[in-house]
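Please read it alongside the sequence and the coordinates.

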Amino acid sequence: MKNLPLDSQLFINNRQRFTARMQPGSIAIFVSNDEVPTNGDALFPFRQNSDLYWLSGITQEDSMVILFPDNPDPKYREVLVLVRPNELKEKWDGKRLRREEATTISGIGTIVWLDSIDALLQTWVHLADTIYLDTNENDRKASLIRTRDYRFVDEMKNRYPLHRYERAAKLLKELRGIKTAQEVEVVKKAIEITGNTFNRLLQFIKPGVTEYQIEAEIYHSFLSQRSSGPAYHSIIASGDNARTLHYVNNSEECKDGDLILMDFGADYGGYAADLTRTVPVNGKFTERQKEVYNACLHLLNFCKGILKPGISIVDYTDKVGEEATQRFLKIGLITEADVKNEDPENRAYRKYLYHGISHHLGIDVHDLGTRTEPIQAGMLFTIEPGIYIEEEGMGVRIENNVWITEDGNIDLFAGIPITVEEIEAAMQH
């Protein structure tokens, strides 16, 4: 990774939080992601399993983390498994971690090579009553491909059928949802890089530039600040393209008089930032654009006022819907008759705001965390209201990231231009 080294205490604390929740006499085993082929003999860039990374900070393929707090041999209560360095392979693919390097990153003192783990693992499993295995329990998961973690579950259950098995992912959804102060410091660095990039774009955007040129500026700015790159595929959507929520073509020319919606965020140290701003291509909002933009900004500030411990995402979304209804009435998007006759399952405001308002943020841009239980201090959320008007060929979305505190939240993007006046002033060039 391109970032400066992270403090291994971040990952030590994460492991301690997990092992504190394990049942007595249990072992937990985490495996890395697959290396995924593209075409021919090529592979997609490797992306580590998020849970394994959260526990260790290790980004190398063919890795494992094994946690066995009750192992009679203290040396093997935390084990990091790595592929043995191979001189020939390193000539082709680059250097692999040595023991001392892996310990510095992870804080795990015992390193075992992958080609010698089977015999050791069998002994440890025979000592354990319960085996924690990990799978992808992100509620937004859409792929049915049987990835390495699922294949490993099959292998372990076939090999050790009489053990009791538990879901590591259930614990991790709760634990990863609450960010430690150390984790938030890493996110803040990703946010700083993203904010610097947005300020740079405000000087770059003008009529005639293309969406892909803006995307190129984002890549350049991220990489030059030690980010590993975008945390997700950047959305650079000018004009009517902004109504497509996951527009990623980024291929059109930005025209005088249009707005451009930019949804992008840097990855730093394995953690994501997630920013959206909508700005006028020519540096000056029209009166109507200003009206719609300010309505969206009002919703974002309303969200910040109610997103605090104790509220659920369901109740939060309902309250935002009520406020959006009133705001959309004021700017002429819906009528009193629309509201009176609305379907409770598809409310009138949903014609112009048809997505969720907030999601968890962390190692994954759509990170693990509850969507039904009350929000707790320590959670990290996006706030991203939007207004999408087909009749006017216009889409506006504004997004900041907030860390939930005991009595409210902290806006981690505070100070980044967000008001009409701030954006227009910054675009004068």
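In strand E9, Leu261 is the bridge partner of Ala237, where strands are DSSP runs of E with at least two residues, helices are runs of H or I with at least four residues, and both are numbered from the N terminus. The model is a predicted one, in which local features need pLDDT of at least 70 and side-chain atom pairs count only at pLDDT 80 or more, while totals for chains, interfaces and linings use all residues. Residues are numbered from 1 along each chain as its sequence is written, and side-chain values use heavy atoms, with hydrogens and water left out.

Strand E8 (residues 235-238) and strand E9 (residues 259-264) pair in the antiparallel sense over four bridges, pairing being assigned if DSSP finds at least two bridges between two strands. Within this pair, Ile236 stands opposite Met262; Met262 also stands opposite Arg277 in E12, and strand E12 (residues 275-280) runs antiparallel to E9, joined to it by six bridges.

Both faces of E8 are covered, with Ile235 and Ala237 buried on one side and Ile236 and Ser238 buried on the other; here buried means under 20% relative accessible area, exposed means over 50%, and partly exposed lies in between, with a 1.4 Å probe and protein chains only. In E9, six of the six residues are buried, so the strand is largely enclosed by the rest of the structure. Leu259, Leu261 and Asp263 point one way from E9, whereas Ile260, Met262 and Phe264 point the other way.

## The sheet E7-E10-E11

An open sheet of three strands has the order E7-E10-E11, with antiparallel pairing. Its edge strands, each pairing on one side only, are E7 (229-230) and E11 (271-272). Two bridges join E7 to strand E10 (residues 266-268), and Gly229 stands opposite Asp267 in E10.

Helix H8 (residues 181-204) lies across E10 and E11 and runs at about 140 degrees to E10; such angles run from 0 to 180 degrees between N-to-C directions, and the axes are lines fitted to C-alpha atoms, for helices over the stretch in contact.

## Helices H8 and H9

The axes of H8 and helix H9 (residues 211-224) come within 9 Å and cross at roughly 140 degrees. The two helices are therefore oblique to each other, in a scheme where angles under 35 degrees count as roughly parallel, over 145 as roughly antiparallel, 65 to 115 as roughly perpendicular and the rest as oblique.

Glu217, which lies in H9, is buried, with a relative accessible area of 19%. When its neighbours within four places in sequence are left aside, Glu217 is in contact with Arg200, Leu201 and Phe204.

## Helices H10 and H11

Helix H10 (residues 287-306) and helix H11 (residues 313-330) pack at an angle of about 155 degrees, with their axes 10 Å apart. That makes H10 roughly antiparallel to H11, and the crossing of H10 and H11 is right-handed. Among the residues that make the contact are Glu291, Leu299 and Phe302 of H10 and Tyr316, Glu323 and Arg327 of H11. The residues of the contact of H10 with H11 divide into nine nonpolar, one polar and five charged.

The buried residues include Leu171, Leu172, Lys173 and Arg176, and the buried residues of H7 pack against elements including helix H1 (9-19), strand E1 (26-31) and helix H2 (50-56).

Asp41 is found in the loop between E1 and H2 and counts as exposed, at 79% relative accessibility. Asp41 and Val281 are 240 residues apart in sequence and 42 Å apart in space, C-alpha to C-alpha.

Technical notes:
Contact = heavy atoms within 4.5 Å. Left-handed = near helix turned anticlockwise from the far one by under 90°. Nonpolar A, V, L, I, M, F, W, Y, C, P; charged D, E, K, R; others polar.
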